[in-house]
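Subject: Structure for you to look at

Hello,

Here is the structure I said I would pass on. Please open it first, then read the notes below it.

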Amino acid sequence: MTSVETAAEHERILREIESTDTSCIGPTLRSVYDGHEHGPFMEKLDVRIRNHDREIEKMCNHHFQGFVDSITELLKVRGEAQKLKSQVTETNRHLQDDGKELIGSMEELQKCRVQQRNMASTIDKLSHCLPVLEMYSRLQEQMRAKRYYPALRTLEQLEHTCLPRAGQYRFCSIMAENSPKLRTQIRDTAMTQLRDFLESIRKHSDKIGETAIRQAQLQRSLDSSVSSQPRAPIGLRSRKEAVVEGAGPDSGEQDGGPLSEEDSGVLDVGDEEEEDEVPGAQDLVDFSPVYCCLHIYTVLGLRDVFENYYRKQRRKQARLVLQPHSNMHETLEGYQRYFNQIVGFFVVEDHVLHTTQGLVNRAYVEELWELALSKLIAALRTHCSYCDNPDLVLDLKNLIVLFADTLQGFGFLVSQLFDMLLEMREQYGEILLKRWNATFRQVLDQDNFSPIPVSTEDEYKHYTSQFPMQDPDLDKLPFPKKLPFSEFVPKVYCQLKEFIYACLKYSEDLHLSSTEVDDMIRKSTNLLLTRTLSHCLQYAIKKKNVGLAELVQVIINTTHLELSCHFLEEFISNITNVPPDSANATKLYGTSTFKDARHAAESEIYTNINAKIDQFLQLADYDWMAPVPGGGTPEASDYLLDLIAFLKSTFSVFTNLPGTPVEHATLPGKVAQTACMSACKHISTSLTQLLLDPEVRQISLGALHQLNADVQECEGFARAGPVAGFQGDTLLLAFSDLRQLLELFTLWDWSTYLADYGKPSSKYLRVNPNTALTLLEKMKETSRKINVFAQFRKTDRDRQKLIDAIVKQLRGLVAQHHA
């Protein structure tokens, strides 16, 4: 059964081999070997092959005759083919012989065509390579000439246009490899030139600023002389503008750039200038390095990098420029250099702002200016605080005004500078007050406090021109004559005018109205009068070596200065063109100042006279235990006679200075009267104090008689009228208290005193019971000691009892008075 199946399988495989393409027979044969029956299969295969061979042989035998006929026909064709071959060979030989010349000509033609094609190709290649070489040569020439912006444009054209057309050549590859290096070299060289430019303008910013300020000063002087012409803007429009007008980043030239070959990027600060023209500040600067570097970085696509670098470097330079020197306040040149540097910095920035498109913008410049303003004002406040010279402050003010006007011409806001100048004016006023304080003291120290003698009309006019004095009576007097005041008056008046002029100088060019200037001057003048001059006068009055004659002259001087105050107000109104009666006009306080000084001098006169009186009273040497004189009235004491003589001579000097008309040298009447009354009251009070001095424990009636004689001498002086103007016996009232006290004791009129005490019509109305009690106790003690051995006499005992009774009543009055 198995062999049958195997035979059937082999049969099937053989059919597949017969009917299947030989390329797919592999799997079939593999199945034979997988079954391990290949031996029988091979036998089966051989049988099948023999069967097919027999069939082939049968088919060949069937077609054999046709095959023989075909062979016969083929042999006939071979003969004919041999004939044809010989004919073709002969024809080819003849053709080859005939075509040798043609082939030679064709080869020559081919060579010519190849040469022609090579020449055309060479010409084409050279037409693309020569522009590359020419442009590269031009690039090298521009690099040698330092024309970097045109070189960068040439390099860009070379890379994007010429090299792609030229093809892949070795020299093109070398050029392409060198292009980034050249671009980097151009960028670095331009940046180096920019750094040199920045360093140069940093060093020469003071020169630029000096030129800009001088130009502004010249423009201001022209404006003041030709006010009808409109003021030209300062700085930005000049002959240089034609060069840089088209120098923005988008501009350029065909074979170069906006810069000439001579542009070096450094400052041109030569000393040669035209005599009749001040060059513009921007004319001193060659800005080509900035423009060149800006164009180069723009082409390279690095404009933002360049802008950031430029602004960062300029901010650093701004901080350096705004840093003042430590000793700047010592000289005006220090401030000038400082201002010149700042002006130079902002002139450059303003020019860059207007000649480049976006390298710096208005916001950036204004930010720098705000920074500069804050640092500048802080520096000026610090350094000005060290200044004590008003001339330097005034020069500095003028310099700041010129500085502000210069920058205002370039469009910068300078209102804060003028506000700071108003602050500086307060300091300037304080410095002026210090200087005038020294001046006034010097004038007072040098004054002789004597009326001014004038011998000629020229001298008289000289003094009247210095001081506004209107006195027709004095004008009529013949020469020589004396002015009522001393040298102090015209000198002080002139110094007051000089102070006003100094205040006016500071107020100029501050853009203030006439009313504001007038108010500032008046306030400063009031400070000078009420503080400085007042203190100086007080100093002069309080000096130890000032005599009565000097004090009298001070009173006369201050009286004339007081009268001149309205002339000062007119003087201020004339220079400020503001009427003195304006509603907002500040009034001068000179009248009160001079009144206060005069009152101080008057008080000092009273004090000095009383001090002199005290010196005389210190010489008083009373014998308080002196007996009652036997006959007549005792003579006045020597010290009192000397005192009266001094008072007479003193008041004589007060009322009539030697060599001067009375109406021009007299002390004001009330002052003389007050001085005389004060002297008399002081004498009366001092004598009363001598009586009541606690150290004087005993007083005799004889001592009271001596004191009564001295008081009578004083009353005689008062009755003689040493000073005119007293009505009746007014001056005697100074001694009325002492007079009634002495009469009460010398007349021993106690009954009247006690009976009339408290009545308005009392004879001893001015006698205080306490004073009377004190003096009576001293006399009681004296009487007790004198009569110690006579106490058994009836008269003495009665007198002692009477004194005791009076003392008791006086004590009662004192107690009543206190109650």
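Among contacts in the chain between residues at least 6 apart in sequence, what percentage join residues at least 24 apart? The figure is 80%. Please keep in mind that this is a predicted model.

The chain as a whole

The chain has 819 residues, and 42% of them are buried. Its secondary structure consists of 28 helices and two strands. The accessible surface is about 45,100 Å², with 51% of that area belonging to carbon and sulfur atoms.

Two helices

Take helix α9 (residues 303–321) and helix α11 (residues 362–384), whose axes come within 11 Å and cross at roughly 20 degrees. Angles under 35 degrees count as roughly parallel, and therefore α9 and α11 are described that way. The crossing of α9 past α11 is right-handed. On the α9 side, Arg311, Arg314, Arg315 and Ala318 make the contact, and on the α11 side Tyr364, Glu367 and Leu368 do. Sorted by kind, the residues of this contact are three nonpolar, four charged and no polar.

Glutamate 487 sits in the loop between β2 (481–483) and α16 (488–507). Leaving aside residues up to four places away in sequence, glutamate 487 touches Asp447, Ile452 and Tyr463. Asparagine 448 is 39 residues from glutamate 487 along the chain, and the C-alpha atoms of the two are separated by 7.7 Å.

Regards

Notes:
Residues are numbered from 1 along each chain as its sequence is written. This is a predicted model: local features need pLDDT of at least 70, side-chain atom pairs count only at pLDDT 80 or more; totals for chains, interfaces and linings use all residues. Side-chain values use heavy atoms; hydrogens and water are left out. Helices (H or I, at least four residues) and strands (E, at least two) are DSSP runs, numbered from the N terminus. Contact means heavy atoms within 4.5 Å. Axes are lines fitted to C-alpha atoms, for helices over the stretch in contact, and angles run from 0 to 180 degrees between N-to-C directions. Angles under 35 degrees count as roughly parallel, over 145 as roughly antiparallel, 65 to 115 as roughly perpendicular and the rest as oblique. A crossing is left-handed if the near helix is turned anticlockwise from the far one by less than a right angle, and right-handed if clockwise. Ala, Val, Leu, Ile, Met, Phe, Trp, Tyr, Cys and Pro count as nonpolar, Asp, Glu, Lys and Arg as charged, and the others, Gly among them, as polar. Buried means under 20% relative accessible area, exposed over 50%, partly exposed in between (1.4 Å probe, protein chains only). Accessible areas come from the Shrake-Rupley method with a 1.4 Å probe; for residues, only the protein chains shown count as cover.
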